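Keep the viewer open and follow along as you read.

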Amino acid sequence: MKIDDFLRTRRTVHNFQPRPVPDHLVVEAIESARWAPNHKLTEPWEFVIIGKETAAAISERNAEMLRETKGEASAAHKLARWNSMPGWMLLMCRRVDDPFRQQEDYGACCCAAQNFMLSLWSAGVATKWGTGPVTQDPEFFRLVGVDPAERFTVGLFWYGYPAATPPSARGPLQAVFKRLD
Ligand SMILES: Cc1cc2nc3c(=O)[nH]c(=O)nc-3n(C[C@H](O)[C@H](O)[C@H](O)COP(=O)(O)O)c2cc1C
């Protein structure tokens with residue numbers, strides 16, 4: 001496939017096959033991710049490959065939060081679903097005092113996220129970028145060993161071989177670009 005085909009066919013996947021993704025593909029994807037453009041070469045990212053034990057603890061914390069807001073049935077459903085996710089990678093961005101620099105650093109981290117997803121996609125591995133409430137929770141930061149005063153969550157990425165690849169849509173091209181003389 002040419003690069004535009006990878007860019008256009010990558011989809012957010014919600015359901016994965018249980019078979020694990022070889023670790024070297026994930027490390028390769030992180031290596032590619034960090035070659036994303038980053039102004040002033042700040043390298044503002046931190047990648048965390050999350051193993052089974054930590055993933056289970058995050059899933060449990062997420063269920064606990066859901067139990068309070070949506071009740072036991074919803075919590076149990078999500079717990080089973082989260083526990084079935086074959087691969088987990090967390091991307092954090094370093095906090096800086098200057099708001100403009102912070103915006104640029106977050107932009108760089110989003111470029112890294114896309115590199116990560118596309119590298120995996122080129123190997124047949126799909127991803128889901130998540131930013132649900134648990135990723136902002138103090139207990140989540142404790143579980144992943146990150147100081148929230150130092151870093152914030154860009155995304156929690158699930159990855160795996162897709163069980164199904166859902167369609168997506170974009171509005172008309174003409175609606176989002178123009179030419180000036
Ligand atoms: C910053 C960011 C946060 C996202 N957070 C979530 C999320 O919490 N849950 C989710 O299902 N998808 C999330 N997504 C994925 C988008 O919903 C998805 O990209 C969009 O629906 C388009 O689908 P596609 O990626 O298949 O084209 C996020 C994407 C981005 C860029």
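In this predicted model, the buried residues of α5 are D105, A108, C109, A112, A113, F116, M117, S119, L120 and W121. As a handy reminder, an α-helix has 3.6 residues a turn, so residues three or four places apart point the same way.

**Helix α5 itself**
- Helix α5 covers residues 99-121, which makes 23 residues.
- From first C-alpha to last, α5 reaches 33 Å, close to the 33 Å expected at 1.5 Å a residue.

**Where α2 meets α5**
- The axes of α2 and α5 cross at roughly 145° and come within 8 Å.
- This crossing of α2 and α5 is right-handed.
- On the α2 side you will find L25, E28, A29, I30, S32 and A33, and they meet A112, N115, F116, S119 and L120 of α5.
- Sorted by class, the contact of α2 with α5 has seven nonpolar residues, three polar and one charged.

**Where α3 meets α4**
- Helix α3 (residues 52-70) packs against helix α4 (residues 72-83) at an angle of about 160°, and their axes are 8 Å apart.
- The two helices, α3 and α4, are therefore roughly antiparallel to each other.
- Their crossing, α3 past α4, is right-handed.
- A56, S59, E60, N62, A63, L66, R67 and K70 of α3 meet E72, S74, A75, K78, L79, W82 and N83 of α4.
- The contact of α3 with α4 comprises six nonpolar, four polar and five charged residues.

How values were computed. Residues are numbered from 1 along each chain as its sequence is written. This is a predicted model: local features need pLDDT of at least 70, side-chain atom pairs count only at pLDDT 80 or more; totals for chains, interfaces and linings use all residues. Helices (H or I, at least four residues) and strands (E, at least two) are DSSP runs, numbered from the N terminus. The expected span of a helix is 1.5 Å times one less than its number of residues. A residue is buried if 20 or more other C-beta atoms lie within 10 Å of its own, exposed if 12 or fewer, and partly exposed in between; C-beta atoms are placed from the backbone. Axes are lines fitted to C-alpha atoms, for helices over the stretch in contact, and angles run from 0 to 180 degrees between N-to-C directions. Angles under 35 degrees count as roughly parallel, over 145 as roughly antiparallel, 65 to 115 as roughly perpendicular and the rest as oblique. A crossing is left-handed if the near helix is turned anticlockwise from the far one by less than a right angle, and right-handed if clockwise. Two residues are in contact if their C-beta atoms, placed from the backbone, lie within 7 Å. Ala, Val, Leu, Ile, Met, Phe, Trp, Tyr, Cys and Pro count as nonpolar, Asp, Glu, Lys and Arg as charged, and the others, Gly among them, as polar.
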